[in-house]
Amino acid sequence: MIAAQRGGSGQASQSDVDPLWPKPFPVAKHWILGSVTGVAVDAQDHVWVVHRGVDSLQTNEKGPTLEPWASSCCFSAPQVLEFSAAGDLLASWDPKDTKGYDWPANPSGIAVDDKGNVWIGSGLPTPSLAPAGRGGRGGAPATPAPPADAQVLKFDKTGKFLLQIGKGGKTEGSDSQTGFNRPGSVAVDSTANEVYVGDGFGNRRVAVFDANTGAFKRSWGAYGEKPGDEALPPYEPNGAPAKQFRTVSCVKLSKDGMVYVCDRQNDRIQVFQKDGKFVKEAVVSKTTTGDGSVWDVAFSPDQRLLYVADGHDKKVWILDRNSLATIGSIGSGGRYPGQFYGVGSVAVDSKGNLYTGETYEGKRVQKFLIRGSK
Amino acid sequence: MKRNIYIGSSLLVLLVALGIGQGLLERRAAAQASNGLKVQVPRFEVDPSFPKPLPNHWYQGMSIGVSVDANDHVWIVHRPDTVNANEAAGDAKTGECCAKAPPILEFDQQGTLLRHWGGSDGDGYQWPSSNHGITIDYKGNVWIGGNGGGDGLVLKFTQDGKFLTMVGKKGVQVDSNSTEHFGQVAKIFVDKKENEAYIADGYGNKRVAVIDADTGKFKRYWGAYGNKPDDANLGRYNPEAPPAQQFRTPVHCAEMSNDRLLYVCDRVNDRIQVFTPDGKFVKEAWVSRKTLGDGSTWDIAFSNDPQQRFIYLADGHDEKVWILDRQSLEILTSFGDGGKMPGQFYAVHSIATDSKGNIYTTETYDGRRLQKFVYKGMQTVTKGEDQGTVWPRKTEH
């Protein structure tokens with residue numbers, strides 16, 4: 001274990017990164033991860049990961065896939081991966097191999113419901129400071145823009161397709177009952193059999209659907225008001241709070257039935273009842289501009305703590321869930337174990353271990369052991 | 001003299017009896033070409049806690065040089081200007097993290113940052129537009145090259161960053177026959193016996209150049225096979241074509257062994273050429289000869305035994321370190337794989353060894369790390385075995 005406070009600000013984080021988690025893929029496969037856009041933990045404490053696959057690999061990361069063959073490294077790992085808590089790869093599937101639904105250009109957000117079904121959202125944020133990667137000679141050939149992501153997908157745990165809400169390539173506005181605009185996060189209320197969609201990187205709302213039929217049930221915007229898609233001026237840390245979400249990058253359900261929404265580029269979390277009634281909000285790292293500070297959230301098993309993945313400040317903030325006060329942080333910027341680049345996904349297992357996923361050129365999943373958390 | 005390096009016989013001394021290395025048997029499939037021959041090679045494990053975090057929220061860019069000094073301190077050079085606006089959000093005032101680290105960084109054996117400097121012009125010298133390669137010479141001085149457009153110089157500093165010597169200048173054209181300047185230098189080696197610096201020259205030029213290490217006076221230079229270098233465009237590398245009679249750019253390393261042979265990385269040609277100090281061609285070998293694009297032979301370091309029996313070769317396109325028998329130039333094994341985890345690589349660019357036999361690597365592009373591979377004694381492997389990611393066998397779990 002390595003103490004996770006790498007290059008940090010001196011706040012006691014009481015966390016260790018496990019630098020040797022997960023285990024390497026089988027050597028003969030030469031698999032690598034692309035930009036990781038979702039991490040979830042299921043009821044067995046298995047860790048599920050979705051990543052952007054070969055489309056997010058630089059030229060030099062995908063030598064054997066080029067024509068002509070250019071090098072032995074590497075192939076994209078399948079885009080959906082299931083790891084044990086010990087870091088063994090248990091299963092993987094690559095939905096691009098199947099038909100009958102619209103696999104997104106950019107899968108984003110993953111959730112596993114109580115039945116073990118796997119939900120995947122879609123879409124990427126509009127680039128602000130996201131980097132242009134450099135991958136060696138030749139560069140990637142210019143490719144036509146993929147269809148806009150506007151769908152949420154449900155699979156069983158083996159990758160068998162079950163349900164699609166929305167339609168790939170057909171974006172709809174924040175008032176739609178059938179479609180989305182880059183809905184990059186999903187959460188499932190298995191008791192009510194409802195799926196909550198963070199919609200999204202294009203729209204400005206949370207939308208709720210029947211988890212079996214995909215039938216629309218309700219939706220709301222910031223402060224529980226009607227969402228609007230009119231253009232917003234750039235985020236101004238000292239300005240009045242925006243009346244609309246700027247980017248809905250996460251939606252998560254606490255055990256006590258509250259809905260937590262990441263309003264990423266407004267640097268804030270808003271909390272709602274399941275019916276959409278606004279409860280409270282908190283700003284995290286208010287001065288952060290650019291990509292924003294609130295990318296994803298997860299709860300400690302006892303629900304006392306709230307972890308906030310901040311891909312711009314390159315850390316995971318620790319908040320007191322009740323007061324929403326920031327009480328600490330984990331990590332700093334860099335490419336070494338325990339450091340982050342583009343940390344945009346966070347999940348917690350039943351023992352309180354924290355898992356993070358990094359997008360952009362981070363391209364990792366990391367495991368942290370949190371001491372003193374239940 | 002050209003030797004067929006694929007049929008070397010000097011490996012016989014390395015062959016070992018049957019029945020050793022059972023733990024590796026499952027990997028035999030990866031070593032088909034060897035007919036199951038067993039060889040003894042150094043074993044390494046990555047140290048996932050090396051180096052320690054940089055202070056000041058400093059962020060490391062493309063890391064394009066590593067060298068170890070007489071105190072086993074590890075020096076790297078990286079490119080702060082490759083740190084993008086998101087990574088340098090602290091500098092850009094859009095967030096807390098991070099700030100660009102100075103390009104020259106010195107670490108002790110524990111991975112703690114010591115001295116750090118460089119990046120700007122000074123009295124009597126110009127900093128390269130894209131610094132590249134670092135060497136601590138036998139006197140302890142620090143040399144760097146530069147591979148930015150027009151970079152035609154090498155620089156020498158003390159370890160405290162005090163300027164000593166500039167040879168060449170910026171703003172020059174490619175000219176592999178110049179005796180005034182270089183063409184985008186990749187790396188430097190300084191020979192103690194003759195006090196000469198061997199310049200891997202470079203990203204623009206296609207030669208090895210030798211200068212007096214104190215005065216900078218040009219002494220000699222040569223191209224592939226010892227030929228007069230020629231800057232004609234060779235076109236793309238074709239593994240099926242007859243071997244190119246010139247280096248392709250970049251000429252990416254020049255390292256001299258204890259027995260005074262100069263090993264040159266002809267990166268995009270996927271080969272190592274070996275010369276006498278006066279430029280007479282001795283032999284060559286290809287490594288991963290089908291590799292296209294950036295090529296396979298990025299940098300080499302010798303094992304630290306007096307005979308320097310092994311060559312460690314960084315291959316930033318196949319994402320591994322090859323271990324070669326230095327005499328026969330045959331591939332014995334490799335370790336590493338693509339990825340962002342400890343012991344994995346993206347664009348492993350530079351390699352060096354310390355007095356204990358440990359290996360250090362740096363990664364360019366979006367790898368951007370310094371990694372340490374701890375020498376763990378010898379092991380028996382099937383010749384050609386791909387060891388993959390080499391993690392500690394006894395973890396701290």
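A cavity is a set of points, on a 1 Å grid over the protein atoms alone, where a 1.4 Å probe fits but cannot get out, and its lining residues have an atom within 4 Å of a point. This is a predicted model, in which local features need pLDDT of at least 70 and side-chain atom pairs count only at pLDDT 80 or more, while totals for chains, interfaces and linings use all residues. Residues are numbered from 1 along each chain as its sequence is written, chains are lettered from A in the order in which they are written, and side-chain values use heavy atoms, with hydrogens and water left out.

The structure holds 7 cavities of 30 Å³ or more, a volume being the space filled by probe spheres set on the grid points, which are joined across faces, edges and corners. The largest cavity has about 190 Å³ of space. It is lined by 19 residues, and those closest to its centre are A:F25, A:L33, B:K340, B:M341 and B:Q344. By class, this lining has 11 nonpolar, 3 polar and 5 charged residues (Ala, Val, Leu, Ile, Met, Phe, Trp, Tyr, Cys and Pro count as nonpolar, Asp, Glu, Lys and Arg as charged, and the others, Gly among them, as polar).

Chain A has an open sheet of 4 strands in the order 4-5-7-8, with antiparallel pairing. Strands are DSSP runs of E, at least two residues, numbered from the N terminus, and two of them pair if DSSP finds at least two bridges between them. Strand 4 (36–41) and strand 8 (89–93) of chain A each have a single partner strand, so one side of each is left without a neighbour in the sheet. Strand 5 (residues 47–51) and strand 7 (residues 80–83) of chain A pair over 4 bridges; A:V50 has A:V80 as its bridge partner in strand 7 of chain A.

Over all chains there are 43 salt bridges, each a side-chain nitrogen of Lys or Arg within 4 Å of a carboxyl oxygen of Asp or Glu. In one of them, the closest N and O atoms of A:D88 and A:K23 are 3.0 Å apart. A:D88 lies in the loop between strand 7 and strand 8 of chain A and A:K23 in the loop between strand 2 (15–18) and strand 3 (31–32), so the pair ties together parts 65 residues apart in sequence.

In chain B, B:E106 and B:R115 form a salt bridge at 2.7 Å, N to O. B:E106 is buried at 1% relative accessible area, whereas B:R115 is partly exposed at 29% (buried means under 20%, exposed over 50%, partly exposed in between, with a 1.4 Å probe and protein chains only).

Technical notes
1 Å grid on protein atoms, 1.4 Å probe; cavity = no way out; pocket = protein on both sides within 12 Å on 5 of 7 lines; lining within 4 Å.
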